[in-house]
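Please work through the following exercises on the ligand site of the model shown here. Each task is followed by a solution in steps.

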Amino acid sequence: MRFDFTGKTIIVTGATRGIGKQIADDLAELKANLILTGTNPDEIDMLNRSAITNSTSKKYHCVNFSENESLLEFIDELKKTDRVHGLINNAGINRLNYIDETLIEDWNDMISVNLSAPFQLIRCVSEKMKKQSYGRIVNVASIFSKISKERRSVYSATKFGIHGLTVGVSNDLARHNILVNTLSPGFVLTDLTRKNLSEKEQLEMAQMIPARRLAVTRDISNVAIFLMSDLNQYLTGQNIVVDGGFTNI
Ligand SMILES: NC(=O)c1ccc[n+]([C@@H]2O[C@H](COP(=O)([O-])OP(=O)(O)OC[C@H]3O[C@@H](n4cnc5c(N)ncnc54)[C@H](OP(=O)(O)O)[C@@H]3O)[C@@H](O)[C@H]2O)c1
């Protein structure tokens, strides 16, 4: 069976870079109508112009999840959309720090972007999904939704939290044929990883992973595509860890 998202409208947050961009590009190739977000207005303009030039069904919105006003404006836009079949809560931030050095601003921002925005978006789209008796929701967490490491207490709190949200929401929505799962990547080569791990640390990390390499964004996107697709009919409320075996050692 080939994946085909013709006629499906899917939201991917944080789709300007890294994992979210890969998922959006792959879904576009599979003919989905895409509602995408990023935070930089100039980049959003440029991406929307290029989507028109290349005739892809991508519409980018400029949304900053650290600012509730900005999120609410986006939600108002979504309310005008006829049908939404899928939501991928991918946007995320990770500011590393020891607990006693963590600023309340960093706590608030990480909670807003990684946890509150997904909650508000799920609440908005689930209403539409219930009416159409169909929906697929993927919350992108991290291996730090299952384990943790120094300087990742707040990040882990948000990622453990989002999986809790997945489990709870999946219980509420399964009877409406809305399947909700967490997708937890290990170490993926993106800007976020390059910011937090030096090249030397990345090489050392690769040696600690049973698959002996960091993930590329396609490794994560492939699983997201399955979770969003009609091939998935019965998998819900699970935390799918895509980490080359790292959390098993
Ligand atoms: N990379 C990894 O190794 C890894 C591992 C496990 C889990 N994850 C998770 O996977 C997801 C994507 O990570 P990534 O590595 O692809 O990240 P990334 O390359 O840093 O991209 C992050 C995306 O989120 C958007 N974003 C950042 N701050 C935002 C805000 N305040 N409001 C709304 N959107 C915002 C960014 O938009 P702009 O481009 O406009 O800044 C960008 O599109 C995150 O949830 C992350 O926690 C990543």
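The exercises below concern a predicted model.

**Exercise 1.** Identify which residues come nearest to the ligand, and state which polar atoms of the protein face its oxygen atoms.

*Solution.*
Step 1. The ligand has 31 residues around it, and the nearest are Thr-16, Thr-39, Asn-90, Tyr-155 and Thr-190.
Step 2. The cut-off for a polar contact is a pair of N or O atoms within 3.5 Å.
Step 3. A side-chain N or O atom of Thr-190 is 2.5 Å from a ligand oxygen, and a polar side-chain atom of Thr-16 is 2.6 Å from an oxygen atom of the ligand. Gly-14 contributes a polar backbone atom, 3.2 Å from a ligand oxygen.
Step 4. Of the 910 Å² of accessible area that the ligand has on its own, the protein covers 93%.

**Exercise 2.** Determine where the ligand sits and which elements form the shell around the ligand.

*Solution.*
Step 1. The ligand is located in the largest pocket.
Step 2. Two or more shell residues come from each of α1 (18-29), α5 (153-173) and α6 (191-196); the largest share, 3 residues, belongs to α6.
Step 3. By class, the shell holds 14 nonpolar, 14 polar and 3 charged residues.

**Exercise 3.** Describe the largest pocket by volume and lining.

*Solution.*
Step 1. The volume of the largest pocket is about 980 Å³.
Step 2. Its lining has 41 residues, with Arg-17, Ala-91, Gly-92, Ile-93 and Leu-192 nearest the centre.
Step 3. At least two lining residues come from each of α1, β2 (33-38), α5 and α6, and α6 gives the most, with 5 residues.
Step 4. The lining divides into 16 nonpolar, 18 polar and 7 charged residues.

Terms used. Residues are numbered from 1 along each chain as its sequence is written. This is a predicted model: local features need pLDDT of at least 70, side-chain atom pairs count only at pLDDT 80 or more; totals for chains, interfaces and linings use all residues. Side-chain values use heavy atoms; hydrogens and water are left out. A residue is near a molecule or strand if one of its heavy atoms lies within 4 Å of it. A polar contact is a pair of N or O atoms within 3.5 Å; within protein, one must be able to donate a hydrogen and the other to accept it, and residues adjacent in sequence count only if both atoms are side-chain atoms. Accessible areas come from the Shrake-Rupley method with a 1.4 Å probe; for residues, only the protein chains shown count as cover. On a 1 Å grid over the protein atoms alone, a cavity is a set of points where a 1.4 Å probe fits but cannot get out, and a pocket is an open set with protein on both sides within 12 Å along at least five of seven lines; lining residues have an atom within 4 Å of a point. A molecule sits in a cavity or pocket if more than half of its atoms lie within 2 Å of its grid points. Helices (H or I, at least four residues) and strands (E, at least two) are DSSP runs, numbered from the N terminus. Ala, Val, Leu, Ile, Met, Phe, Trp, Tyr, Cys and Pro count as nonpolar, Asp, Glu, Lys and Arg as charged, and the others, Gly among them, as polar. Grid points are joined across faces, edges and corners, and a volume is the space filled by probe spheres set on the points.
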